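Me: I would like to learn how to read a few features of a protein model. Please take them one at a time.

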Amino acid sequence: MATTFETIEKENIHSLKFPNNEVLEDKDAIFQRNSDLNRAQSLGNLEHSKIKIFFEDNQSKKMVETTVWAVTDNRVVLKQGIGIPINRIFKSI
């Protein structure tokens, strides 16, 4: 069963609404997500590399290809201060 993610431009993320609940249930998956996001931040700052972030807002699953500029305790910060709550991210590659 393949899940499809709608591609979205990072400029449109600011208009999305995000619920507060966690999308991942497995503690190992949560740990891996955090590790991957920190790696993405390093790649973004050092090499300006883009990654794909798979996440879910209050309507559907989405994917954005972008550069990660910062990772806080609760959010991933993209260019122009756009943020995605970490608890709504499935994975980044």
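Reply: Start with arginine 33, which lies in helix α1; helices (H or I, at least four residues) and strands (E, at least two) are DSSP runs, numbered from the N terminus. This is a predicted model, where local features need pLDDT of at least 70, side-chain atom pairs count only at pLDDT 80 or more, and totals for chains, interfaces and linings use all residues. Residues are numbered from 1 along each chain as its sequence is written, and side-chain values use heavy atoms, with hydrogens and water left out.

Me: Is arginine 33 buried or exposed?

Reply: Buried means under 20% relative accessible area, exposed over 50%, and partly exposed in between (1.4 Å probe, protein chains only). Arginine 33 counts as buried because its relative accessibility is 4%.

Me: Which residues does arginine 33 touch, not counting residues up to four places away in sequence?

Reply: Contact means heavy atoms within 4.5 Å. With that exclusion, arginine 33 touches Glu22, Val23, Leu24, Ile86, Asn87, Ile89 and Phe90.

Me: How do I read a sheet?

Reply: Strands of a sheet pair through backbone hydrogen bonds, either parallel or antiparallel. Two strands pair if DSSP finds at least two bridges between them. Here four strands form an open sheet in the order β1-β3-β2-β7, with mixed pairing. Its edge strands, each pairing on one side only, are β1 (6-7) and β7 (89-92). Strand β2 (residues 51-56) pairs with β7 in the antiparallel sense over three bridges. Helix α1 (residues 27-47) packs on the sheet and touches β2 and β7, its direction making about 50° with that of β7. Axes are lines fitted to C-alpha atoms, for helices over the stretch in contact, and angles run from 0 to 180 degrees between N-to-C directions.

Me: Where does leucine 16 lie?

Reply: Leucine 16 is in the loop between β1 and α1. It counts as buried because its relative accessibility is 17%. Leaving aside neighbours within four places in sequence, leucine 16 is in contact with Ile8, Phe55, Asp57 and Lys62.

Me: How is empty space found?

Reply: Rolling a probe the size of a water molecule over the atoms shows where empty space is left. On a 1 Å grid over the protein atoms alone, a pocket is an open set of points where a 1.4 Å probe fits, with protein on both sides within 12 Å along at least five of seven lines; lining residues have an atom within 4 Å of a point. The largest pocket is lined by 13 residues, with Glu9, Lys10, Lys50, Glu65 and Thr66 nearest its centre. Strand β3 (residues 61-66) gives the largest share of that lining, four residues.
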